[in-house]
Amino acid sequence: MLGLHSETHPDWIRAASADAESVLIDHAHCEKKAAAMAISLLNRYPEKRELVEEMADLAQEEMSHFRMVLQKLYERGFALRSDPGDAYAQQLHQLIRKQEPERLLDTLIVSSLIEARSCERFRLLSLAVEDLDLRQFYH
């Protein structure tokens with residue numbers, strides 16, 4: 001359904017299920033970065049009206065998700081920490097070509113792959129996490 005050619009390794013779900021704090025912090029950073037990417041795209045391509053409209057909506061949606069994750073962190077007594085970055089996303093971003101129109105196309109593809117992987121992992125968490133509150137949250 002998501003178009004991914006490989007599935008997340010089972011070791012990831014075991015590790016993630018055992019460390020709600022790290023998963024929530026990483027999730028918050030992912031939502032924040034998705035909003036930032038949307039804003040970056042509408043700034044970079046102001047002449048593309050449809051893209052600007054869609055990215056403005058997406059930025060708001062992703063920031064609302066960020067606030068939801070932040071609230072869940074606070075409810076559990078956790079605090080947001082600095083973002084160590086994500087090797088998977090960094091490697092994908094290195095593949096983006098520098099020339100237009102390929103740059104826009106590659107950026108959209110990379111963003112879609114990152115979003116698809118996140119969606120897959122949230123589904124896995126919604127099925128595997130023992131904590132019912134987090135299970136519902138990720139559902």
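## Basis of the description

The model is predicted, so local features need pLDDT of at least 70 and side-chain atom pairs count only at pLDDT 80 or more, whereas totals for chains, interfaces and linings use all residues. Residues are numbered from 1 along each chain as its sequence is written, and side-chain values use heavy atoms, with hydrogens and water left out.

Helices here are DSSP runs of H or I with at least four residues, numbered from the N terminus.

When neighbours within four places in sequence are left aside, L73 is in contact (heavy atoms within 4.5 Å) with E21, L24, I25, A28, F78 and L80.

## Helix 2 and its partners

Two packed helices are described by the angle between their axes and the distance between the axes. The axes are lines fitted to C-alpha atoms, for helices over the stretch in contact, and the angles run from 0 to 180 degrees between N-to-C directions. For helix 2 and helix 3, the angle is about 160° and the axes are 8 Å apart, which means that helix 2 is roughly antiparallel to helix 3; angles over 145 degrees count as roughly antiparallel, under 35 as roughly parallel, 65 to 115 as roughly perpendicular and the rest as oblique. The crossing of these helices, helix 2 and helix 3, is left-handed, a term for a near helix turned anticlockwise from the far one by less than a right angle, with right-handed used if it is turned clockwise. The residues of this contact divide into 19 nonpolar, two polar and five charged, where Ala, Val, Leu, Ile, Met, Phe, Trp, Tyr, Cys and Pro count as nonpolar, Asp, Glu, Lys and Arg as charged, and the others, Gly among them, as polar.

Helix 2 and helix 5 have axes that come within 12 Å and cross at roughly 155°, so helix 2 is roughly antiparallel to helix 5. Their crossing is left-handed. On the helix 2 side, V23, H27, E31, M37, L41 and R44 meet R103, L104, T107, L108, S111, F122 and L125 of helix 5, and the residues of this contact divide into seven nonpolar, three polar and three charged.

Helix 4 passes helix 5 in a right-handed crossing. Here Y88, A89, L92 and H93 in helix 4 meet V110, L113, I114 and R117 in helix 5, and the contact divides into six nonpolar residues, one polar and one charged.

Most peptide bonds are trans. A cis peptide bond joins E100 and P101, with omega about 5°, and P101 is in the loop between helix 4 and helix 5.

## Two partly exposed residues

Q90, in helix 4, is partly exposed, with a relative accessible area of 45%. The C-alpha atoms of Q90 and A56 are separated by 24 Å. Y74, in helix 3, also counts as partly exposed, at 47% relative accessibility.

Key
Buried < 20%, exposed > 50% of the residue type's maximum accessible area, 1.4 Å probe, protein only.
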